[in-house]
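Please read the points with the structure at hand.

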Amino acid sequence: MLSRDIGIDLGTANVLIHIKGKGIVLNEPSIVAIDTETRKVIAVGTEANEMLGRTPGKVKAIKPMKDGVIADFEITEIMLNAFIKKIKAKKLFSRPRILICCPTNITQVEKNAIKEAAERTGARKVYIEEEPKVAAVGAGMDISEPTANMVIDIGGGTTDIAILSLNGIVSSESIKVAGNVMDQEIIKYIKSKYKLLIGEKTAEEIKINFANVFKPDKRKKLEVRGRNLITGLPDSIEITQDETEEALRESVQKIIKGTTNVLEDTPPELSADIYGKGIILTGGGALLTGLSELLEETLNVPVLTAESPLTCVVEGTGVLLDNIKLLEEDQ
């Protein structure tokens, strides 16, 4: 039997899996739907995501990952098992080596929890790597040179900011402000201003398709539907694009502050490299309209978005699995 290495981007919002020689074979939401009475799993991933906010009383859609770490160990294990089964890894491969990515600030206890969950799926060896490092590799950066590379990886649960040189992290910060918090900020803003309650999916759609955090257009409008908190009935309102900038301002400022902290903590020689090469944005949050322009104007440093920001981390696992010695040195 073959033993093929597997790379997993175990994200708060999505799980992506890369199989060596095959590329990305799975990209599904990190959600599990269970029957609360029997604890039986009803659906995992995309199927479970479609049930979010629409389930009957006894069915609960659970997001087992919170802020980039395991919030529910048992459900994470069920989810990993289901995804590995889905890609038929257990049938095709004998005990593969698995590389899993995690945020920079997680504790050793949390790292061990992730490792154990992966080992129980039948892995021969489990490697844990920090997300910004893997994202930088996936974005095509050469982090082996003695020059600085800076990456801001904005995922669902955390934003990981790091400066890398000679295959290591020189300076980093992980903040619990990312895609999910932005969705909540949009929900909060509309609830407070218009007394309209909207769901997480609606908020995410507003963020992806309409929001703009840099020079938004006041004339651009969007109809938003939800539940009127006063009447309790379905209702709709119109929001303008500059309101989305207002709703997301606090979250964006926290990302800017985290980036400033990392830059201030960097040796001058490496700072000079960053000024020349710029900062690379990865993760789903990199697609937020106006973010790269706002960062560039505020930090006075070139800011570029990776070619495939959503898949940088999992693509990086593929590169690192091809250089297994680097992983061995890091563990």
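Helices (H or I, at least four residues) and strands (E, at least two) are DSSP runs, numbered from the N terminus. The model is predicted.

1. Leu 166 lies in the loop that joins strand S12 (159-165) and strand S13 (168-175). Although Leu 166 is not a glycine, its phi is positive, at about 50°. Leu 166 is exposed, with a relative accessible area of 56%.

2. Asn 300 is found in the loop between helix H10 (291-299) and strand S18 (303-305). Asn 300 is not a glycine either, yet it has a positive phi of about 60°. Its relative accessible area is 55%, and Asn 300 is therefore exposed.

3. Helix H6 (residues 179-194) and helix H8 (residues 241-264) have axes that come within 9 Å and cross at roughly 140°. The two helices are therefore oblique to each other. The crossing of H6 past H8 is right-handed. Among the residues that make the contact are Val 181, Ile 186 and Tyr 189 of H6 and Ala 247, Leu 248 and Ile 255 of H8. The contact residues of H6 with H8 comprise 8 nonpolar, 1 polar and 4 charged.

4. The axes of H6 and helix H7 (residues 200-209) also come within 9 Å, and they cross at roughly 105°. H6 is therefore roughly perpendicular to H7. The contact includes Met 182, Ile 187 and Ile 190 of H6, together with Ala 203, Ile 206 and Lys 207 of H7. The residues in the contact of H6 with H7 are 6 nonpolar, 2 polar and 4 charged.

Notes. Residues numbered from 1 in each chain as written. Predicted model: local features only at pLDDT ≥ 70, side-chain atom pairs only at ≥ 80, totals over all residues. Heavy atoms only, no water. Axes fitted to C-alpha atoms, helices over the stretch in contact; angles between N-to-C directions. Parallel < 35°, antiparallel > 145°, perpendicular 65-115°, else oblique. Left-handed = near helix turned anticlockwise from the far one by under 90°. Contact = heavy atoms within 4.5 Å. Nonpolar A, V, L, I, M, F, W, Y, C, P; charged D, E, K, R; others polar. Buried < 20%, exposed > 50% of the residue type's maximum accessible area, 1.4 Å probe, protein only.
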